[in-house]
Amino acid sequence: MKKAFFIKLAIMIVPYMLILVFPFFVMFSMKETKNIDDIVDMQTSANRTVLLGKTYTGSDRYYKLRSIKIKHPDIIAFGSSRALQFRSMMFVRNNKFFNASRIAINPFDLSDFWNKIPPKDRPKIVIVTIDQWWMAASYTVYNSQLPPENYSQAGVEEVLGTWQNFYRDYFLHKISLGKIWNALFEKPGFDRIGEHAYVLHNGFRNDGSYYTGSFLKNAVYKIDWGNMNEKLEKGTDFYSHSKTLSQAAIDAIKMFLDTCEKENVHVVGFLPPIVDTVYQRMQSMPEYYGFYKDIYGSLSPEFVKRGF
């Protein structure tokens, strides 16, 4: 009786185990499951680059926050992903810089992230990225309180639940056996953690900046004007239509600046560049992008009057 039961149980379990073996092998061999705290320690003490590029178990906000707590940088860049190319080598005291970008999707996130940094770990200088579309009155991705899980690393449940995403990417040809096999045995000259880092050479460097190896392998950038024109005309992606600035966005930035002024933290505002041909196209559409011309004039005085 017991033997028959175990046979039936095995028949039920074995197919699931076979389905899970492949993704879990990739997860473990490419270090997708490695603890973020251990990764930060590795990047802090390593004499060579440790590239962090997780695909399925990443926790960018937790990683950035943890790095600041451990590294105690005097200077940070933070905001959206558009400031990820600020690097430690650009500063004289390069061991005192950390790039905490890619933590914000709107101006409310600035104060939210700042308040998560313990006062003793806060930097002396902040380079803050302000994306132009944040300032559109029509921009709707506003949320002044990020859920706590945005600042925690992946738990066991999240790791175990990634196998479905893995197979989705596999059948969509985003990954392949050949790419995985080659990635596991190549020696690129830096340490890698995560599927993105292994296969594409994409990921966060030790200083928090982002290395895009997949782009550098084919460093010819061409704009798909058919797709771009559609985005500009429909206001999709990051190209929100608006004639006026968002007062809520301005107030959120002022709140962040007020906090930094009180804490004697110097703030440098950074409006990321837009591809010139795209910007020229936007200027020819004032009914959609009229607010762009007012961004600098509205924000610059707020920085100046606080001594920034």
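**Notebook: helix 11 and its two neighbours**

I looked up the first contact (heavy atoms within 4.5 Å) and found that Phe108, Leu110, Ser111 and Trp114 of helix 4 meet Ala248, Ala252, Met255, Phe256, Thr259 and Cys260 of helix 11. By class, I noted eight nonpolar, two polar and no charged residues there. Here Ala, Val, Leu, Ile, Met, Phe, Trp, Tyr, Cys and Pro count as nonpolar, Asp, Glu, Lys and Arg as charged, and the others, Gly among them, as polar.

The model is predicted: local features need pLDDT of at least 70, side-chain atom pairs count only at pLDDT 80 or more, and totals for chains, interfaces and linings use all residues. Residues are numbered from 1 along each chain as its sequence is written, and side-chain values use heavy atoms, with hydrogens and water left out.

Next I checked the geometry. Helix 4 (residues 108-116) packs on helix 11 at about 30°, with the axes 7 Å apart. Axes are lines fitted to C-alpha atoms over the stretch in contact, and angles run from 0 to 180 degrees between N-to-C directions. The two helices are therefore roughly parallel (angles under 35 degrees).

I then turned to helix 14 (residues 292-304), whose axis comes within 10 Å of that of helix 11 (residues 247-262) and crosses at roughly 15°. This pair is therefore roughly parallel. From helix 11, Ile250, Ile253, Lys254 and Leu257 meet Ser298, Leu299, Glu302 and Phe303 of helix 14. I noted five nonpolar, one polar and two charged residues in this contact.

For the chain, I recorded 14 helices and eight strands (DSSP runs, H or I of at least four residues and E of at least two, numbered from the N terminus).

Notes:
Parallel < 35°, antiparallel > 145°, perpendicular 65-115°, else oblique.
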